[in-house]
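Please look through the structure shown here before reading the notes, and keep it in view while you work through each topic in turn.

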Amino acid sequence: TDPSNLEMKGLLVDLGTDSAGTAVVELNGAVEVSTFPKDDKVYALIASYDDDGLALIDVTDPDDPLFKSYAKHDETYTDPGSSDTGVKCESIESPRSVSTFSVSSGGVETWYAVSVGDESTGNGLQVLNINNPDRIFCVASKNSQGGYGVTTYTYGPRPYAIVAREGNDEVVFWDMSNPASPLQVESVGHGDSGAQLNNPKQ
């Protein structure tokens, strides 16, 4: 609340436990975080480079963060309460960046996340359903479309993701309206119409 006087609050440590006794995993090499609000709570999704996974934490009470669930590379998870189908998490090896977004249909808001893996490992873009904090799961993978950074935004009724691809000197735009089938809609490379995109990272 006071940017000039930052104060340390709660703490979770990889392979430790939270105050409820829940084991904490997938936090080794945490590189980026994206937060989102749901049902009067606030959650943080962490990209963990060294653990090849993503971890979801309830951060509503900053003094007492609670570990909720995780998704790991090459594993498959499902949520029986969701209409989405869980698929194998094929693109969370060495994740570098993650961003959350929501999709609304029939007045119902559902939360998702998109992460990008390290381009050097041949990883890609991973989409996850994070609507049930107790069981996040993958719903789509796009291989060979990894990147260094990703962010999401909404234009009109549609959510989009922008991926910065350092190795390709470009940014790629994805339509995320159907999280189970993200659609690449545009890319802009270094020098296109004068764009300065040499080694973009974020």
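The model is predicted. A search of the whole structure finds one disulfide, and the largest pocket has a volume of about 200 Å³.

- Strands of a sheet pair through backbone hydrogen bonds, and the pairing can be either parallel or antiparallel.
- Strand β2 (residues 41-48) runs antiparallel to strand β3 (residues 53-58), and six bridges join the two.
- Across from Ile 46 stands Ala 55, a residue of β3.

- Strand β6 (residues 108-117) is joined to β5 by 10 bridges, and the two strands run antiparallel.
- Val 103 has Thr 110 in β6 as its bridge partner.

**The disulfide**

- Cys 89 and Cys 138 are joined by a disulfide, with a distance from S to S of 2.1 Å.
- This pair links distant parts of the chain, since Cys 89 lies in the loop between β4 (66-72) and β5 (95-105), while Cys 138 belongs to strand β8 (residues 137-142), 49 residues apart.
- The torsion about the S-S bond of Cys 89 and Cys 138 is about 105 degrees, and the disulfide is therefore right-handed.
- Cys 89 counts as buried because its relative accessibility is 0%, and Cys 138 also counts as buried, at 0% relative accessibility.

**The largest pocket**

- Rolling a probe the size of a water molecule over the atoms shows where empty space is left.
- The residues that line the largest pocket include Lys 9, Gly 10, Leu 11, Leu 12, Ala 44 and Ile 46, and among the others are Ile 57, Val 59, Asp 61, Pro 62 and Pro 65.
- The lining of the largest pocket divides into eight nonpolar residues, one polar residue and two charged residues.

**Single residues**

- Glu 26, which lies in the segment before β1, has a phi near 60 degrees, a positive value in a residue other than glycine.
- With a relative accessible area of 7%, Glu 26 is buried, because buried means under 20%.
- Asp 52 is found in the loop between β2 and β3, and although it is not a glycine, Asp 52 has a positive phi of about 55 degrees.
- Asp 52 counts as partly exposed, at 22% relative accessibility.
- Ser 177 is found in the loop between β11 (170-175) and β12 (183-189), and with a relative accessible area of 26% Ser 177 is partly exposed.
- Ser 177 and Thr 154 are 23 residues apart along the chain, and their C-alpha atoms are separated by 9.7 Å.

Key:
Residues are numbered from 1 along each chain as its sequence is written. This is a predicted model: local features need pLDDT of at least 70, side-chain atom pairs count only at pLDDT 80 or more; totals for chains, interfaces and linings use all residues. Side-chain values use heavy atoms; hydrogens and water are left out. On a 1 Å grid over the protein atoms alone, a cavity is a set of points where a 1.4 Å probe fits but cannot get out, and a pocket is an open set with protein on both sides within 12 Å along at least five of seven lines; lining residues have an atom within 4 Å of a point. Grid points are joined across faces, edges and corners, and a volume is the space filled by probe spheres set on the points. Ala, Val, Leu, Ile, Met, Phe, Trp, Tyr, Cys and Pro count as nonpolar, Asp, Glu, Lys and Arg as charged, and the others, Gly among them, as polar. A disulfide is a pair of cysteine sulfur atoms within 2.5 Å. Helices (H or I, at least four residues) and strands (E, at least two) are DSSP runs, numbered from the N terminus. Buried means under 20% relative accessible area, exposed over 50%, partly exposed in between (1.4 Å probe, protein chains only). Two strands pair if DSSP finds at least two bridges between them.
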